[in-house]
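Good morning, and thank you for coming.

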Amino acid sequence: MSINYQDRIPNNVDLGSNRTLQRALEHWQPEFLKWWEELGPKDFQVADVYLRTATSVDAKGWATYGYVRMPDYRWGIFLNDRDPNRRIGFGDSYGQDVWQQIPGEYRATLRRLIVTQGDTEPASVEQQRMLGHTAPSIYDLRNLFQVNVEEGRHLWAMVYLLHAYFGRDGREEAEELLERHSGDADKPRILGTFNEPIRDWLSFFMFTYFTDRDGKFQLKSLAESSFDPLARTCQFMLTEEAHHMFVGDTGINRVVKRTLEVMKELSTDDPLAIRNAGAIDLPTLQRYLNFWFSSSLDLFGSETSSNAASYFANGLKGRPDEAQYEDHIAIEQSYALELPDGQGGTKSENIPLRNAMNEVTRSSYVRDCEIGLKRWNRLIEKAGHGFRLTLPSTRFRRSIGNWGGVSTTPKGQPISAEQFGARQNEWLPSDSDRAYILSLMQGVSAPGKMAAWIAPPDRGINNNPVDYEYVKLQ
Ligand SMILES: [Fe+2]
Ligand SMILES: [Fe+2]
């Protein structure tokens with residue numbers, strides 16, 4: 001198979017001059033395409049989709065837009081430009097030169113970090129593969145496919161690092177990234193949340209708002225890495241990631257907007273009446289939010305983590321926006337945690353700051369999540385309603401860490417498992433909530449038309465109108 005890589009795979013890593021890397025990718029690329037055909041978006045492979053493709057890292061114009069069939073998407077490899085003055089920004093080697101090659105002692109750990117990040121990218125494509133048929137509009141259908149092809153490119157980004165810097169081990173890991181599958185009984189994806197199928201568009205918007213935002217914070221931590229190619233790869237991935245969260249943010253915003261219209265038309269906030277009119281009542285929205293926020297929190301790991309401490313000490317993974325902190329060594333400070341005391345109450349404990357790095361990152365994430373809620377609540381307030389969407393406590397419905405398996409109310413008050421069970425349907429989507437949301441999922445394919453449960457977006461993509469033919473169905 002001969003491919004002109006300079007043409008076929010847009011890149012800024014001089015792919016054409018590296019024969020070893022070319023051969024590795026020549027071997028991997030057909031496997032990737034096979035995976036895409038089998039586990040990528042189901043049934044839309046011949047549709048012409050109006051997609052953006054990354055073609056450079058120029059901040060002023062890094063993407064081009066045009067119709068493309070997804071299997072022909074040009075999955076490229078882009079790293080932010082190298083800063084020759086970049087120094088290690090945190091940990092024990094603070095201030096020294098960053099690494100262009102991997103120090104032997106960190107090889108296994110960095111490989112694990114890259115594989116764990118890489119695994120989430122194709123996982124989300126697999127989770128979302130059935131959503132195409134139930135898109136509330138072709139504007140949304142296009143956004144789904146945009147997110148999907150870019151997650152595919154993020155897989156390429158991680159596979160490039162594995163091939164270019166980890167030799168034979170890296171090539172094997174790259175193959176396994178295509179062998180594990182979301183929800184597979186024998187070879188599941190590495191992280192729990194990425195094994196849950198996404199069957200409805202409300203969950204898709206929650207996923208892109210909350211779970212892609214976890215991705216943002218993981219990438220921000222890795223963008224601080226002393227391993228410079230990893231840092232530069234992640235810096236560029238963040239550029240694309242912003243759109244994924246935009247899809248979630250505006251998606252939920254449009255659901256709220258539509259619900260408020262129906263509440264106004266009917267002059268009621270009765271959930272049943274809202275549902276009878278085909279919209280999503282705000283309490284149901286809150287339950288979906290509780291579910292996706294809490295499951296995304298687990299992705300940051302345990303509050304206390306010796307792994308996180310050594311990633312930080314060794315300069316492998318920093319805090320998001322490390323430059324904003326004053327002390328980049330973080331060896332003398334401590335961090336106060338509120339932990340369950342085992343008797344239905346809480347107790348405080350101070351732990352060394354380096355051991356609390358997962359919690360530091362999780363806290364930044366929570367603050368970032370608040371921004372969307374403020375916006376959605378402003379709509380509700382303007383419409384004259386007292387209801388407010390809120391983020392549950394970070395203790396609520398946790399599976400891992402100090403609060404893992406501890407029953408609490410959404411406000412974080414410890415309660416018994418029986419009390420939790422009795423009120424669970426108030427706080428999390430019930431079977432009947434899920435059945436109702438699924439009943440709304442019917443594809444709308446005429447340009448500019450929207451499903452009844454969601455308002456149209458304020459504007460289209462790339463200055464095109466909302467009723468542009470974003471996907472040409474064959
Ligand atoms: Fe991604
Ligand atoms: Fe993403």
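Glu151 and Asp212 are both buried, where buried means under 20% relative accessible area, exposed over 50% and partly exposed in between, with a 1.4 Å probe and protein chains only. Please keep in mind that this is a predicted model, in which local features need pLDDT of at least 70 and side-chain atom pairs count only at pLDDT 80 or more, while totals for chains, interfaces and linings use all residues. Residues are numbered from 1 along each chain as its sequence is written, chains are lettered from A and ligands numbered from 1 in the order in which they are written, and side-chain values use heavy atoms, with hydrogens and water left out.

Which residues coordinate the iron ion (ligand 2)? They are Glu151 (OE), Asp212 (OD), Glu241 (OE) and His244 (ND1), at 1.9 to 2.2 Å. Donors here are N, O and S atoms within 2.8 Å of the metal (3.2 Å for Na, K and Ca), and water is not among the atoms, so sites may look incomplete. Along the chain, the donors of this iron ion (ligand 2) have the spacing E-x60-D-x28-E-x2-H. The angles among its four donor atoms run from 86 to 167°, and the site is irregular. For that term, four donors count as tetrahedral if all angles lie between 85 and 135 degrees; four count as square planar and six as octahedral if opposite donors are over 155 degrees apart and all others between 65 and 115; anything else is irregular.

Glu151 also coordinates the iron ion (ligand 1), which is 3.5 Å from the iron ion (ligand 2). Glu151 lies in helix α4 (residues 138–165) and Asp212 in helix α6, so this pair ties together parts that are 61 residues apart in sequence.

Let us turn to the whole chain. It contains 13 helices and five strands; helices (H or I, at least four residues) and strands (E, at least two) are DSSP runs, numbered from the N terminus. The radius of gyration is 23 Å, close to the 23 Å that the globule rule gives for 474 residues, so the chain is as compact as a globular protein of that length. The radius is taken over C-alpha atoms, and the rule is 2.2 Å times the number of residues to the power 0.38. Of the 474 residues, 56% are buried.

On a 1 Å grid over the protein atoms alone, a cavity is a set of points where a 1.4 Å probe fits but cannot get out, and a pocket is an open set with protein on both sides within 12 Å along at least five of seven lines; lining residues have an atom within 4 Å of a point. Grid points are joined across faces, edges and corners, and a volume is the space filled by probe spheres set on the points.

The largest pocket holds about 900 Å³. Its lining has 43 residues, with Leu191, Gln218, Leu299, Phe300 and Gly301 nearest the centre. Helix α6 gives the largest share of this lining, eight residues.

The second largest pocket has about 230 Å³ of space. Among its 13 lining residues, Gln286, Thr390, Pro392, Pro410 and Lys411 are the closest to its centre.

Finally, there is one cavity of 30 Å³ or more. The lining of the largest cavity includes Tyr139, Phe205 and Arg254, and α7 supplies the largest share, four residues.
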